[in-house]
Amino acid sequence: MSIGKPGLHNVIISKFNTYLAGLQKRSLSIDANGTSMFSYCEKGKKIHGQPTIVFIHGLSSNKETWLPIVKNIPDDYHCITVDLPAHGETVGMKEEFYTIDKFVEKLKLFFDKMNLVKPMFIIGASMGGAVVSMFAIKYPNYVSLICLLAPPADEKCETARIKQLRQGNYEVLLPETTEQLSDMIRSLTIKPIWLPELFLNGFLHLRLPLLEEHTNVLRSLLEYDYPYLDQRYQELKQISCPTLILWGREDQLFTVDGAHYFSQLIPKSEAIIFDDCGHFMAIDKPVEVADSIVTFLNHHCSRQVNRVYSHEI
Ligand SMILES: CCCCCCCCCCCCCCCC(=O)OC(CO)CO
């Protein structure tokens, strides 16, 4: 039986899920000759005076990983998920080496081209959380709220998996075989999920062209950012916007103590810890994460639009 290219099923499933979640995929050129392009998905329209919710993924991840959360955000919120440079379908922004600060500058380019300034509610998971927190310090005028989902924390929160990474065992986060991939997913989630070989193969096949670049990203971050993490994070004391910190109690990448670490550093912060939840919060707690985001937003930004609920019609 011919099953086609191993990534095809995943492409079809991912496109279908994007459509079901009400998102539209678009691309945005950031140079004159169109060689550098951000790929992003959008749901809803920008409403003047209402915050756009922007989602920033983690290492070797992509905009599609936010779908389980975004589909649980009501349709009258403007949502954007974007592929970072060297990730997903964003093209033409590869670097010799990477730092959190380089991602911050690229994100600024994206927001400027999109004409997205204040008010934005920027949400980042894991490595994306480090990017979002540093962005909020450098460009406070772009940000009215931020949310950090288990960002890289200090050495007290280091787990065996981070120690393995520091010893150069990158397959912990950058798997190359179906076994390593299912190991990674199982260790970073609590929910039992069905992982058919077809899906695992498809994932690896699709990610293959980016694997070398992601290895470069991970190596760079461990070399240029991780040693100065505690020192750099002291800057978090300057964050002036309300900040929501979300963590899974069973996180096996950065322990849940990270929630405390970040709430102590960020002045106007609120932390929520989810039971029965690992590092991939979009898999373990999609409804709860979406609800926390919406509640936090509504609490801090009063909405002028009269919302009409179907049961009132
Ligand atoms: C400017 C100061 C900030 C210092 C930030 C230091 C970065 C340390 C790198 C350590 C290892 C990076 C782990 C990222 C994990 C991740 O993103 O997980 C994905 C799945 O791979 C979830 O979506």
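Q: Which residues of α6 meet which residues in α7?
A: On the α6 side they are T178, L181, S182 and I185; on the α7 side, E197, L200, N201, F203 and L204. To "meet" is to be in contact, with heavy atoms within 4.5 Å. The model is predicted: local features need pLDDT of at least 70, side-chain atom pairs count only at pLDDT 80 or more, and totals for chains, interfaces and linings use all residues. Residues are numbered from 1 along each chain as its sequence is written, and side-chain values use heavy atoms, with hydrogens and water left out.

Q: How are α6 and α7 oriented to each other, and how do you know?
A: The axes of α6 (residues 178-188) and α7 (residues 197-225) cross at roughly 100° and come within 9 Å. An axis is a line fitted to C-alpha atoms, for helices over the stretch in contact, and angles run from 0 to 180 degrees between N-to-C directions. Under 35 degrees counts as roughly parallel, over 145 as roughly antiparallel, 65 to 115 as roughly perpendicular, the rest as oblique. Therefore α6 and α7 are roughly perpendicular.

Q: How is α1 oriented to α7, and what makes it so?
A: The axes of α1 (residues 8-20) and α7 come within 7 Å and cross at roughly 90°. That makes α1 roughly perpendicular to α7. H9, N10 and V11 in α1 meet L198, F199, G202, F203 and L206 in α7. This contact has 5 nonpolar, 3 polar and no charged residues.

Q: How do you know whether the span of α1 agrees with its 13 residues?
A: At 1.5 Å a residue, α1 should span 18 Å, and its end C-alpha atoms are 18 Å apart, so the two agree. The expected span is 1.5 Å times one less than the number of residues. After α1 comes G22, with a positive phi near 80°.

Q: How far does α11 reach from its first C-alpha to its last?
A: It reaches 21 Å over 15 residues (286-300), close to the 21 Å expected. The buried residues of α11 are P286, V289, A290, S292, I293, V294, F296 and L297.

Q: What is the strand order of the open sheet?
A: The 8 strands run β1-β2-β4-β3-β5-β6-β7-β8, with mixed pairing. Helices (H or I, at least four residues) and strands (E, at least two) are DSSP runs, numbered from the N terminus. The twist averages 20° from one strand to the next.

Q: Why are β1 and β8 called edge strands?
A: Each pairs on one side only: β1 is 24-29 and β8 is 269-274. Two strands pair if DSSP finds at least two bridges between them.

Q: How do you know in which sense β2 and β3 pair with β4?
A: β2 (residues 37-43) pairs with β4 over 4 bridges in the antiparallel sense. K43 stands opposite C79 in β4. β3 also pairs with β4 over 4 bridges, but in the parallel sense. Here F55 has T81 as its bridge partner in β4.

Q: What makes both faces of β4 covered?
A: C79 and T81 on one side and I80 and V82 on the other are all buried. Buried means under 20% relative accessible area, exposed over 50%, partly exposed in between (1.4 Å probe, protein chains only).

Q: What joins β5 to β6, and which helix lies across β5?
A: 5 bridges join β5 (residues 120-125) to β6 (residues 145-149), and the two run parallel. G124 stands opposite L148 in β6. Helix α4 (residues 127-138) lies across β3 (52-56), β5 and β6, at about 145° to β5.

Q: Is S60 buried or exposed, and how do you know?
A: S60 has 10% relative accessibility, so it counts as buried. It sits in the loop between β3 and α2 (67-70). Most residues other than glycine have a negative phi.

Q: Is A86 buried or exposed, and how do you know?
A: With a relative accessible area of 3%, A86 is buried. A86 is in the loop between β4 and α3 (100-114). Its phi is positive too, about 70°.

Q: How do you know how exposed D101 is?
A: D101 has a relative accessible area of 32%, so it is partly exposed. D101 is in helix α3. From D101 to K138 is 37 residues in sequence and 9.5 Å in space, C-alpha to C-alpha.

Methods:
Ala, Val, Leu, Ile, Met, Phe, Trp, Tyr, Cys and Pro count as nonpolar, Asp, Glu, Lys and Arg as charged, and the others, Gly among them, as polar.
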